[in-house]
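User: Hi! I'm new to this one, could you walk me through it?

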Amino acid sequence: MSSHEEVFIWPPPSRGLRIKVHVPASILSVEHGIVKKTFVLGLIARALAIFRVDRISIYKDPDSRGRDIILAKKVLEYIAIPPYLRKRIFKIDRDLKAVGILPPLATASHPLEEDVLREHARPALVLNVSALSICVDPGLGGEICINRAKGLHVKKGDMVYVRTLAGGIISSVVDPIEAKKIYWGYSVETYRSMRESILSSDGDLYIVSTKKGSHNIEKLSERVGTVRRGIDVIFGSPDKDPDEIAMEEGWDLEAIDHYKLNSAPLQGVRSIRTYEAIYITLAILNSIIYRVKHI
């Protein structure tokens, strides 16, 4: 790798290596009021986007409250949707009444006004489909209809990516294979337990964020170097590490092969909040992946 290698590219490239984080719903249970809960979810969404996480799994843990998992899914999905499509996709909802405090996600799926001056790809919602045309809302002042390419299989309500020429002229739908080369954002999943969340994954490296872990970056780098499918990062609750949550669920975390990482050795505070651990851990992992795999 050359010393002057470009390390900022826009739009950001997809890694082609799935990164998934598992987070307990109880991270919201310790926050009081919809505003604080929404604020924390905004911080988490930014962390996911900054470090190009592909999926976030919110799992129900013993300390979580019933509605928190529902709130987390709604808010995380809301902030991920392009602002110009939110009114079409989301109805008035009490769980979304504090979304005005959310920070801009600023991913490639959230184009700016000045992007219209140059050629770029942008998300669009499919409004109508016929044999010859497809009508979409790309956030450029309303519905736009373009010729439907042969072999393009889409239906009303799908999200597609459209190629936009300078001046805001839509030319075509971006080929799905080409679209996958760009990191657009994350998807949200929910599960009834941490065990169910972990079993839903097919990654070849599980990293458990815990104060009981080590900080051997060289060893972790070796593990990352062997990954082919994906990496899962598992976080505990405000009061319990992942192994303690597993124990309460009636199973042993040692049943899965994993690497225990203390991402903040000799921490200067009594406890690190889960959303803080997400930033710290993902920053370390991002650096390792870039250094080892150059992606």
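This is a predicted model: local features need pLDDT of at least 70, side-chain atom pairs count only at pLDDT 80 or more; totals for chains, interfaces and linings use all residues.

Analyst: Happy to! Residues are numbered from 1 along each chain as its sequence is written, and side-chain values use heavy atoms, leaving out hydrogens and water.

User: What joins β6 to β7?

Analyst: Four bridges join β6, residues 159-165, to β7, and the two run antiparallel. Strands here are DSSP E runs of at least two residues, helices are H or I runs of at least four, and both are numbered from the N terminus. Two strands pair if DSSP finds at least two bridges between them.

User: OK, and what order do the strands of the open sheet have?

Analyst: The five strands go β5-β4-β3-β6-β7, with antiparallel pairing. At the edges are β5 (144-147) and β7 (169-173), each of which pairs on one side only.

User: Switching topic: how many salt bridges are there?

Analyst: The structure holds 22 of them, each being a side-chain nitrogen of Lys or Arg within 4 Å of a carboxyl oxygen of Asp or Glu. One of them pairs Glu 77 with Lys 73, with the closest N and O atoms 2.6 Å apart.

User: Where do Glu 77 and Lys 73 sit?

Analyst: Both are in helix α3 (residues 66-80), and because they are four residues apart there, about one helical turn separates them. Glu 77 is partly exposed at 27% relative accessibility, and Lys 73 is partly exposed too, at 26%. The cut-offs are under 20% relative accessible area for buried, over 50% for exposed, and partly exposed in between (1.4 Å probe, protein chains only).

User: And what does Arg 88 form a salt bridge with?

Analyst: Its partner is Asp 137, the closest N and O atoms being 2.6 Å apart. Arg 88 lies in helix α4 and Asp 137 in strand β4 (residues 133-137), so this pair ties together parts 49 residues apart in sequence.

User: Is Asp 137 buried or exposed?

Analyst: Asp 137 is buried, at 6% relative accessibility, whereas Arg 88 is partly exposed at 48%.

User: Which residues are linked in a network of salt bridges?

Analyst: That network links Arg 67, Lys 74, Asp 93 and Asp 95. Within it, the side chains of Asp 95 and Lys 74 meet at 2.9 Å, N to O. They come from distant parts of the chain, 21 residues apart: Asp 95 is in the loop between α4 (86-89) and β3 (120-129), and Lys 74 is in helix α3. Asp 95 is buried at 6% relative accessible area, while Lys 74 is partly exposed at 25%.
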